[in-house]
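These are my notebook entries on a single model.

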Amino acid sequence: MENQELNLCACCTNTYQPVDTFCTNCGYPLQGNEDAQRNHIANRSIKEVDLIELDKKVKAASQSLYWIAGIMAFSSLISYFTLAENDDITVFLITTVILVGAFLAFAVWSKTKPVTALISGLSLYIIVQLLNLMVDPTSILKGIIFKILIIGYLVKGIMAVLESEKIKKELFIK
Ligand SMILES: [Zn+2]
């Protein structure tokens with residue numbers, strides 16, 4: 001063991017070498033003047049606050065994937081009791097299980113891969129709406145406010161994830 005004093009970055013407490021000009025983790029100007037150092041820390045805290053806000057939007061979007069699964073399960077239950085004699089119950093049940101399952105899976109997946117999960121969820125949701133529209137054009141109006149809210153949350157969520165990834169890159173958070 002080398003008996004050497006540990007140099008810790010004043011901004012992110014990463015260790016640095018005395019020869020370093022900038023912190024290799026956060027870019028803190030180790031040899032810069034006091035103003036430059038203070039500015040760096042201030043900018044970083046603003047971005048960290050932004051990240052917290054964006055994180056909330058991403059969470060709301062992930063939450064709306066659970067909502068979609070729930071609403072689909074609920075509306076399928078209602079349709080189940082109003083199925084016509086000649087409707088194929090097996091096909092209906094399989095479709096319901098697949099769709100509800102897919103949105104639940106996207107919701108869980110969005111915790112680790114938010115961009116892919118939210119984009120997949122949004123695409124599937126729009127495809128389902130388009131298919132419904134082809135089968136029954138009046139179906140688009142059913143729960144239209146819910147539909148707009150859900151699409152809005154998903155789109156906002158996707159934008160928030162992209163924005164927060166950009167900021168994380170700037171903050172050198174891996
Ligand atoms: Zn640092």
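**Entry 1: conventions.** I noted that this is a predicted model, in which local features need pLDDT of at least 70 and side-chain atom pairs count only at pLDDT 80 or more, while totals for chains, interfaces and linings use all residues. Residues are numbered from 1 along each chain as its sequence is written.

**Entry 2: the span of helix 1.** I took helices as DSSP runs of H or I with at least four residues, numbered from the N terminus. I then asked what span the 48 residues of helix 1 should have. The expected span is 1.5 Å times one less than the number of residues.

**Entry 3: the buried side of helix 1.** I counted a residue as buried if 20 or more other C-beta atoms lie within 10 Å of its own, exposed if 12 or fewer, and partly exposed in between, with C-beta atoms placed from the backbone. Which residues of helix 1 are buried? I listed L54, V58, A61, S62, S64, L65, I68, A69 and M72. Several of these positions recall a general rule: an α-helix has 3.6 residues a turn, so residues three or four places apart point the same way. The buried residues of helix 1 pack against helix 2 (89–109), helix 3 (114–135) and helix 4 (144–170).

**Entry 4: the core.** I looked for nonpolar cores, meaning sets of buried Ala, Val, Leu, Ile, Met, Phe, Trp, Tyr and Cys residues joined through C-beta atoms within 7 Å. The largest has 20 residues, and L65, I68, A69, F103, L118 and L154 have the most contacts inside it. Helix 1, helix 2, helix 3 and helix 4 each supply at least two residues of this core. Helix 1 gives the most, with seven residues. Leaving aside neighbours within four places in sequence, A69 is in contact with V100, F103, L104 and A107.

**Entry 5: helix 1 with helix 4.** At what angle do helix 1 and helix 4 pack? I recorded about 145 degrees, with the axes 8 Å apart. Axes are lines fitted to C-alpha atoms, for helices over the stretch in contact, and angles run from 0 to 180 degrees between N-to-C directions. The residues of this contact divide into 15 nonpolar, four polar and seven charged. Here Ala, Val, Leu, Ile, Met, Phe, Trp, Tyr, Cys and Pro count as nonpolar, Asp, Glu, Lys and Arg as charged, and the others, Gly among them, as polar.

Entry 6: A60 is in helix 1 and counts as partly exposed, because it has 14 C-beta neighbours inside 10 Å. Leaving aside neighbours within four places in sequence, A60 is in contact with Y153 and G157. A60 and Y153 are 93 residues apart in sequence, yet 7.0 Å apart in space, C-alpha to C-alpha. V155 lies in helix 4 and is partly exposed, with 14 other C-beta atoms within 10 Å.

Entry 7: T13 lies in the segment before helix 1 and counts as exposed, with 11 C-beta neighbours inside 10 Å. T13 has a positive phi of about 60 degrees although it is not a glycine. I noted beside this that most residues other than glycine have a negative phi.

Technical notes: Two residues are in contact if their C-beta atoms, placed from the backbone, lie within 7 Å.
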